[in-house]
Amino acid sequence: MIFYTSEMLSKQTTEILRFLSAKDIKKLGNFVKSPYFNTNPAIEKLYELIRIHHPDFKEEAFELKSVFQKIYPGKEFKEQTIRNLYTELNMLLKKFIGMEELESSGCEFDSYIVAGLTKRGHYSISENFIKKSYDKNYEQSLFDMEMFFYFFRLGSASINNKGYLQKNLSKARLDTVHSVLEKLTMFFLAETLNISIEVFDINIYNPAEKKDTVADEFLKNQDMRKFILYLESTNNRYASFIKIRYLLYYYQIQDFNENNYYELKSEIFKTIKSVKKFDQLSFVTILVHLVTKKILPVNRKFSREIFEFAELFQSLNIFTENSLLKISLGLFRNFFTVAIILRKYEWTENFINEYAPYLSEELRENEINYSMGILSFKQGEYEKSLDYFNKFKMKDIGEKINARFYMMMNYIEMKAYESALSVLLTIKQFYLDKEIPEVYSVLMEDAIKFFNEIIRAEEEGRKIDGQIYNEAHSDKRYYHKQYILDKIEMLK
């Protein structure tokens with residue numbers, strides 16, 4: 001257990017240290033022992049305490065007096081001295097994180113070397129270094145923000161180099177300018193569209209905060225389709241990427257039908273393996289969200305299309321053990337749900353095992369309980385399902401409704417009718433709550449009525465009422481319709 005008090009390392013420092021691997025802790029030691037980065041020997045002694053107590057950092061190990069005595073033996077205790085030391089450690093720790101990032105991104109490091117050479121007037125050396133760096137890195141994705149700044153920095157430095165060298169390089173300099181301008185334009189469009197999608201999504205949940213932005217006005221006043229046609233006609237390497245980003249943005253605010261979907265799907269399948277992992281994750285997440293929101297409610301057969309993207313998603317190997325990317329809860333549930341609908345239970349269990357670790361840490365355990373609770377029910381393991389749901393911490397209204405429906409269905413299958421009716425009563429109380437969003441309430445009334453009839457009929461050993469049978473088979477949508485129809489068919 002980790003404690004945070006004013007008597008020990010700050011919460012922020014401890015949080016950073018706790019998530020460093022053993023290898024990172026060792027590298028941190030090399031960092032603080034380097035006089036280039038640290039000239040305070042007391043920090044080296046403090047590091048030894050950190051190394052010994054990583055990753056637990058219990059309160060007593062970093063109590064101010066105790067640490068002071070270990071670092072300054074025989075001296076009079078001064079609280080502010082240790083507090084200052086802790087602050088200095090925090091700053092060094094952040095510098096270490098930054099240096100690790102810089103070192104791991106060879107491209108960005110190259111750009112700083114080039115900038116340093118150019119600023120110091122080493123124009124020929126800078127140009128030679130740029131050529132070697134380009135040859136090494138040119139085929140990498142240009143839509144990685146890191147790569148964009150790499151190309152932009154190197155291109156800008158090259159323009160300056162060629163200007164200062166002035167050796168019949170006017171054409172070469174102009175070519176470089178054109179290349180930098182192209183990358184700047186494409187990066188601006190790609191990121192503007194990407195962030196605008198995020199803004200649109202945020203506005204859905206915060207409509208009161210919605211306001212037009214400069215980006216909105218810019219995009220409204222551009223003929224993007226005409227521009228994309230130009231890119232395609234000139235075989236521009238960015239054409240497909242910009243088209244996908246634009247269509248994903250456009251269909252957020254416009255109708256999205258099956259023909260639109262197939263156009264976008266074709267473009268994504270053509271391009272997705274040539275873009276960076278972040279964009280692969282983004283393309284799949286946004287498209288699946290569009291299908292789930294705008295097509296699936298009117299065409300349930302599109303579950304198979306979502307599942308096809310789930311299989312594509314698996315083939316991309318987006319996540320690695322040290323990946324900073326996370327799968328969103330929405331995408332995780334979308335893939336899980338369609339797999340359940342299609343009764344691909346073995347695939348579903350493998351999916352949970354493989355991708356739950358890439359959910360945010362605070363969501364992970366709870367989502368495993370939720371998913372495994374549903375999967376266990378579908379596989380007929382009712383007690384196991386209940387165990388998972390009993391451990392599941394229900395947070396939003398949708399979870400509270402859906403989890404209780406599954407708990408009730410488990411009780412029905414176990415013939416624990418009294419417990420089933422008790423849960424049904426709780427669901428009914430939710431329904432009667434006037435603040436429940438309409439998106440949930442419209443699906444609840446008929447489901448509550450049908451479940452009540454099913455439980456009573458099974459408990460009393462009688463057939464279902466004919467009127468209820470006919471109502472259930474109408475075109476109405478309600479919670480767990482297929483389960484209810486199957487039950488009613490058995491009780492008719």
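This is a predicted model: local features need pLDDT of at least 70, side-chain atom pairs count only at pLDDT 80 or more; totals for chains, interfaces and linings use all residues.

Colleague: Okay, and where does N317 lie?

Modeller: N317 is in the loop between α15 and α16 (329-341). Its phi is near 50°, a positive value in a residue other than glycine.

Colleague: What about K415, what is its phi near?

Modeller: Phi of K415 is near 60°, again positive in a residue other than glycine. K415 sits in the loop between α20 and α21 (417-432).

Colleague: And is K415 buried or exposed?

Modeller: K415 has 58% relative accessibility, so it counts as exposed.

Colleague: Let's switch to peptide bonds. Is the one from H54 to P55 cis or trans?

Modeller: The bond from H54 to P55 is cis, and omega is near 5°. As background, most peptide bonds are trans. P55 belongs to the loop between α3 (41-53) and α4 (64-71).

Colleague: Now the helices. How do α18 and α20 cross?

Modeller: Helix α18 covers residues 361-378 and helix α20 covers residues 397-413. Their axes come within 11 Å and cross at roughly 30°. Angles under 35 degrees count as roughly parallel, so α18 is roughly parallel to α20. The crossing of α18 and α20 is left-handed.

Colleague: Which residues make that contact?

Modeller: From α18 you have Y370, I374, F377 and K378. From α20 you have N402, Y406, M409, N410 and E413.

Colleague: How many of those are nonpolar, polar or charged?

Modeller: The contact of α18 with α20 has five nonpolar residues, two polar and two charged.

Colleague: Where in the chain are F241 and F283?

Modeller: F241 is in helix α12 (residues 239-253) and F283 is in helix α14 (residues 277-294). They are 42 residues apart, so this pair links distant parts of the chain. Both F241 and F283 are buried.

Colleague: What about F313 and Y355, why is that pair called tilted?

Modeller: The ring centres of F313 and Y355 are 5.3 Å apart and the planes are at 50°, so the pair is tilted. F313 lies in helix α15 (residues 303-316) and Y355 in helix α17 (residues 345-355), so the pair ties together parts 42 residues apart in sequence. F313 and Y355 are buried too.

Colleague: Last topic: E127. Buried or exposed?

Modeller: E127 is at 17% relative accessibility, so it counts as buried. It is found in helix α7 (residues 123-137).

Colleague: What is E127 in contact with, leaving aside neighbours within four places in sequence?

Modeller: With those left aside, E127 is in contact with S158, N161, K162 and L165.

Colleague: And how many Å apart are E127 and E48?

Modeller: E127 and E48 are 44 Å apart in space, C-alpha to C-alpha, and 79 residues apart in sequence.

Notes
Residues are numbered from 1 along each chain as its sequence is written. Side-chain values use heavy atoms; hydrogens and water are left out. Axes are lines fitted to C-alpha atoms, for helices over the stretch in contact, and angles run from 0 to 180 degrees between N-to-C directions. Helices (H or I, at least four residues) and strands (E, at least two) are DSSP runs, numbered from the N terminus. Angles under 35 degrees count as roughly parallel, over 145 as roughly antiparallel, 65 to 115 as roughly perpendicular and the rest as oblique. A crossing is left-handed if the near helix is turned anticlockwise from the far one by less than a right angle, and right-handed if clockwise. Contact means heavy atoms within 4.5 Å. Ala, Val, Leu, Ile, Met, Phe, Trp, Tyr, Cys and Pro count as nonpolar, Asp, Glu, Lys and Arg as charged, and the others, Gly among them, as polar. Buried means under 20% relative accessible area, exposed over 50%, partly exposed in between (1.4 Å probe, protein chains only). Rings of Phe, Tyr and Trp (its six-membered ring) pair if their centres lie within 6.5 Å; planes under 30 degrees apart count as stacked, over 60 as edge-to-face and the rest as tilted.
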